[in-house]
Amino acid sequence: MKFISEYRDQELVAQYLDEIRRVATRPWTIMEVCGGQTHSLVKNGILQMLPENVRMVHGPGCPVCVTPLHMIDKAIYLAEKKGIILCSYGDMLRVPGSKHSLLESKAAGADVRILYSPLEAVKIAKEHPDREVVFFAVGFETTAPANALSVLHAQRAGVTNYTILTSHVLVPPAIEAVMQDEDAHIEGFLAAGHVCTIVGISEYYPLVEKFKIPIVVTGFEPVDLVQGILMTVRQLEKGEYQLENQYSRVVRPEGNPEAIKVIETVFEVCDREWRGIGNIPMSGYELRPEYAAYDANLKFDVHIEKVPESAECIAGLVLKGIKKPHECPQFGKKCTPQMPLGAPMVSSEGACAAYYHFSQAMEAIV
Amino acid sequence: MAFKNYNIQMNDHKIKMQLQCPMPKLDFDIITLGHGSGGLLTNKLLESGVFDLLKNDLLDQRHDGATFELPGRLAFSTDSYVISPVFFPGGDIGELAINGTVNDLAMCGAIPKYLSLAFILEEGLTMRAFWDILVSIKAAAENAGVQIVTGDTKVVERGKGDQIFINTSGIGTVHPKALIDKNRVKSGDKIIISGHVATHGIAILSVRQGLEFETAIESDTTNLNHCVERLLDIFGEQIHLLHDPTRGGVATVLNELARDTRLGIELVQKSIPMLEEVDGACELLGLDPLYVANEGIFIAIVAPEAADSVLETLRQDEKGKHAAIIGEIVETHPKQVVMQSVIGGKRVVNMPVGEQLPRIC
């Protein structure tokens with residue numbers, strides 16, 4: 001595949017790994033923020049190829065993992081309400097709510113549809129004027145433009161039976177939350193390339209300065225990841241802290257101005273609860289008051305009792321990199337991808353699921 | 001209201017079939033509940049010329065079942081087909097229903113002979129669509145060299161089915177040289193795949209409602225029995241196991257094999273053949289091609305000393321021209337499938353939890 005296979009070059013990866021081994025003289029702990037990066041590190045077997053003194057910690061950048069329990073419950077409540085078609089990205093369906101998952105609601109008769117694009121949901125709303133269509137708008141800055149655009153499309157087309165259930169989260173405040181946690185000892189970050197493609201890199205300069213940590217905006221292919229890790233380790237070894245852009249073939253410093261315009265038209269920044277982590281100030285998007293008509297929360301007057309997370313799940317500690325998934329007493333026992341206690345065990349991008357496969361791999365390979 | 005229009009991608013053989021088999025003139029356009037009642041309307045459907053398409057001596061016995069003689073050891077298999085959409089790029093449910101059962105028999109090392117064919121039709125299915133499916137069934141049965149000898153048709157109320165469901169069962173005679181058995185799989189055996197992975201699954205996904213994307217990818221559904229028969233003629237007992245990695249894909253079949261044999265499996269990602277468009281679509285949709293369903297391919301576990309010759313023979317066959325050795329059976333890491341990634345790293349390829357769900361980003 002042109003423009004992808006070049007970044008999966010075995011020799012190039014080996015060269016970067018050699019260089020990391022040569023450069024890293026001390027132990028370093030680096031967090032890859034994005035779940036997509038975690039997925040790629042595991043899928044390609046990169047974690048085992050890194051030298052022992054370079055430790056990767058998997059960050060909170062998995063939208064499935066950080067969507068709070070009561071939001072899942074809200075989505076389930078709406079899905080089960082008569083007349084509603086609930087549309088969602090695929091991997092939200094298996095996430096356990098307080099009682100069950102959307103997938104189980106679907107099996108019990110709820111009209112839950114898996115879509116790749118919220119614009120498709122607007123189309124469904126047009127085709128079913130007698131039904132209400134709700135799109136479960138989750139994700140980071142990456143999915144925000146499409147979700148915002150769906151609202152604008154609905155407005156332009158005069159579609160009044162379309163709303164979104166918003167649970168958007170933002171990366172920079174999450175990095176800040178991780179750094180402010182005394183128990184988290186992260187020395188460098190790989191920032192999420194795709195997020196920066198949308199919103200640019202300017203928000204990361206203050207973080208670099210405030211916490212004196214290197215942040216390298218990194219892509220998702222094996223060559224991207226090992227190069228991003230090398231760039232971070234080089235800075236750490238020199239005692240430097242800078243914002244660097246490994247993913248410059250895709251990420252422009254200013255981001256995508258059109259996408260930003262769409263986001264800013266429809267959304268405003270708000271406080272947001274993160275599953276397992278808790279409330280992070282100014283860490284999410286919600287619909288601006290002028291788009292209140294497209295807010296499923298308001299339209300359907302959803303009030304869901306907040307149910308506490310499973311006491312046995314240590315997702316918060318895992319998402320902040322304080323504990324490794326396998327340090328959880330329930331890991332691989334009460335909590336498996338088949339019977340997850342918490343969200344990080346659900347998504348293929350979740351740290352626990354990644355480790356579940358990874359630890360099996362270690363057993364198998366060592 | 002009629003069902004949504006469909007597009008049939010027709011290959012030359014199917015076009016010829018369509019021309020040879022024009023739809024008989026009927027005084028009804030759609031299937032109604034009465035067509036499954038067993039009464040007058042059912043008879044009308046049967047007598048209308050619709051089922052003459054599948055004519056053969058055994059079917060013409062018109063009894064509750066077919067009686068026949070078959071020599072030697074037999075293989076027997078069944079499968080139900082509920083695919084949506086019914087017509088998809090590269091095929092349709094009728095063709096799939098024949099190829100599927102034919103291939104299941106072939107995977108037992110058998111030469112498929114006779115099939116049963118049962119329809120569950122949803123009220124409202126157009127006769128045009130039903131006819132096209134029947135023509136497809138006829139073509140697929142002729143290509144595979146099997147006869148449909150008994151059948152059934154039921155009609156369910158609108159909303160209780162999805163246009164058409166098909167069940168086929170098949171019977172075949174086991175190839176005299178075949179010794180297909182999981183217990184014969186040994187450490188050192190090579191794993192050969194007969195063609196591109198994930199083609200069928202991605203072709204279907206490309207036309208699923210809500211996920212449509214532009215692509216020229218067509219399902220590779222086809223019969224594999226002739227191809228397998230040739231391999232068994234030449235290599236006989238050196239073929240230890242055959243499997244078609246349909247639902248759940250290659251990963252599921254190999255995980256089941258590792259679990260059942262208590263042996264390990266090692267795969268080399270680079271050697272797994274895949275169409276570039278399919279690779280791209282998987283990348284875009286966030287799907288792992290190893291878990292995507294296949295139709296027109298099979299996996300053969302063969303004795304190491306025969307592997308190269310099996311591969312060469314397979315590659316001479318139109319249906320095996322993209323065949324490749326993708327891995328081997330090992331004694332290390334029992335019950336686990338481990339894959340060497342494109343960059344030389346290793347990862348475990350697990351059993352999928354359920355249906356693969358597209359990722360958010």
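Modeller: A residue counts as buried if 20 or more other C-beta atoms lie within 10 Å of its own. The model is a predicted one. By that cut-off, seven of the eight residues of strand β2 of chain A, residues 54-61, are buried, so the strand is largely enclosed by the rest of the structure. Strand β1 of chain A, residues 28-34, is joined to β2(A) by six bridges, and the two run parallel. Within β2(A), A:V57 is the residue that stands opposite A:M31.

Chain A also touches chain B: 41 residues of chain A are in contact with 24 residues of chain B. On the chain B side, α8 (276-285) and β13 (346-348) each supply at least two residues. The largest share of that side comes from α8(B), with four residues. Sorted by class, the side of chain B that touches chain A has 10 nonpolar, eight polar and six charged residues.

Chain B also holds a helix pair. Helix α6 (residues 225-235) and helix α9 (residues 307-316) of chain B pack at an angle of about 145 degrees, and their axes are 10 Å apart. The crossing of α6(B) and α9(B) is right-handed. From α6(B), the contact is made by B:R230, B:L231, B:I234 and B:F235, and from α9(B) by B:V310, B:T313 and B:L314. By class, five residues of this contact between α6(B) and α9(B) are nonpolar, one is polar and one is charged.

Conventions: Residues numbered from 1 in each chain as written. Chains lettered and ligands numbered in written order. Predicted model: local features only at pLDDT ≥ 70, side-chain atom pairs only at ≥ 80, totals over all residues. Axes fitted to C-alpha atoms, helices over the stretch in contact; angles between N-to-C directions. Left-handed = near helix turned anticlockwise from the far one by under 90°. Contact = placed C-beta atoms within 7 Å. Nonpolar A, V, L, I, M, F, W, Y, C, P; charged D, E, K, R; others polar. Buried ≥ 20, exposed ≤ 12 C-beta atoms within 10 Å, placed from the backbone. Pairing = 2+ DSSP bridges.
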